[in-house]
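Me: Please take a close look at one part of this model and walk me through it, with cut-offs for the terms as you go. I'd enjoy one connected account.

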Amino acid sequence: MFTKKPHLTMNYQSWIQHFRTNRLDRPEPDWSAPFSMPEKRRRLLARSIAEYQLGDGGGECCLVAQDAEAFRATGEEVREVVDLWFAEEREHSRLLARAVRRIGAEFVTTTFAFELFYAIRRRLGVQFEMLVLLVVEIVSTGYYRVLRRHVGDQPLADMCRLILRDEARHIDFHRDRLAARHPAGVGILWKWWFRLLGEACVWFLWLGHGRCFRALGGTRGEIFRHLRRGQAAFLAKLAKRCATTQHVTTGTTGTTGAHLVSSPIAH
């Protein structure tokens, strides 16, 4: 399933250390603070957050592609960094569950978008799943930024701030992974897929949560701008990172924790 070819690898130990350290110094939102919101707005927000809780770690919080276990079995560092990443996603689900209870929402067990998302991830292989998850991380930053700006509730805004801090580093994690796989830069086809998946994902987001955004004072243009700016920033940072690694050749060793292996996390 995985090809054996010369390539660079990301610094696994650096990312393992980041995920471990990031579990510290996480101020919990004051969920007991008084909550007040007009009923129509509360009802729409309740549905939106409950659906997001399902999607952001509330379901199978792991890689689900048909070749996921082969991927994780390629090395202990690979397995650990992936497990720590998803542990952080489960923490997001926990925070969102507290938000669901705070606003008096009912938990959601499935939606059409959720089932479609998992079907795509399962069937198209782990590398495509990782691409989809990257796109979702970028789209999610737009969701949480719009929510933080307009929600008018300090504990919910504090929750968004915590999750956004994590999501920013998750996106950097994907950047390092892709720079290791493509030291000369990603190709036009990859960029096309990246853009297309982003547009599809943000449309699903708007169709599912647009009424909530409008009730809070957000707009469609706002959420779409977050996506497009996020994708443009990611591609620019990826190109910059690739430019710094092009001179590294097969057989060259890097700093502690960075070495040449045949692991699909760098493919």
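Reply: Let's start with F234, which is buried at a relative accessible area of 3%; buried means under 20%, exposed over 50% and partly exposed in between, with a 1.4 Å probe and protein chains only. A word on the basis: this is a predicted model, where local features need pLDDT of at least 70 and side-chain atom pairs count only at pLDDT 80 or more, while totals for chains, interfaces and linings use all residues. Residues are numbered from 1 along each chain as its sequence is written, and side-chain values use heavy atoms, with hydrogens and water left out.

Now to the rings. The structure holds 15 aromatic pairs. One of them joins W190 and F194, and it is stacked, with 5.1 Å centre to centre and 20° between the planes. For reference, rings of Phe, Tyr and Trp (its six-membered ring) pair if their centres lie within 6.5 Å; planes under 30 degrees apart count as stacked, over 60 as edge-to-face and the rest as tilted. W190 and F194 are both in helix α8, 4 residues apart, or about one turn of the helix. Helices here are DSSP runs of H or I with at least four residues, and strands are runs of E with at least two, numbered from the N terminus.

How buried are these two partners? W190 has a relative accessible area of 14% and is buried, and F194 is buried too, at 0%. F194 also pairs with F234: their ring centres are 5.5 Å apart and their planes stand at 40°, so this pair is tilted. Because F194 belongs to helix α8 and F234 to helix α9 (residues 220-245), the pair ties together parts that are 40 residues apart in sequence.

Stepping back to helix α8 as a whole, residues 188-216, there is a kink of about 65° centred on H209. The bend at a residue is the angle between axes fitted to the seven residues ending there and the seven starting there. H209 is itself buried, and other buried residues of α8 include G198, V202, L205, W206, G210, C212 and F213. The buried residue L216 is in α8 as well, and just after this helix G217 takes a positive phi of about 110°.
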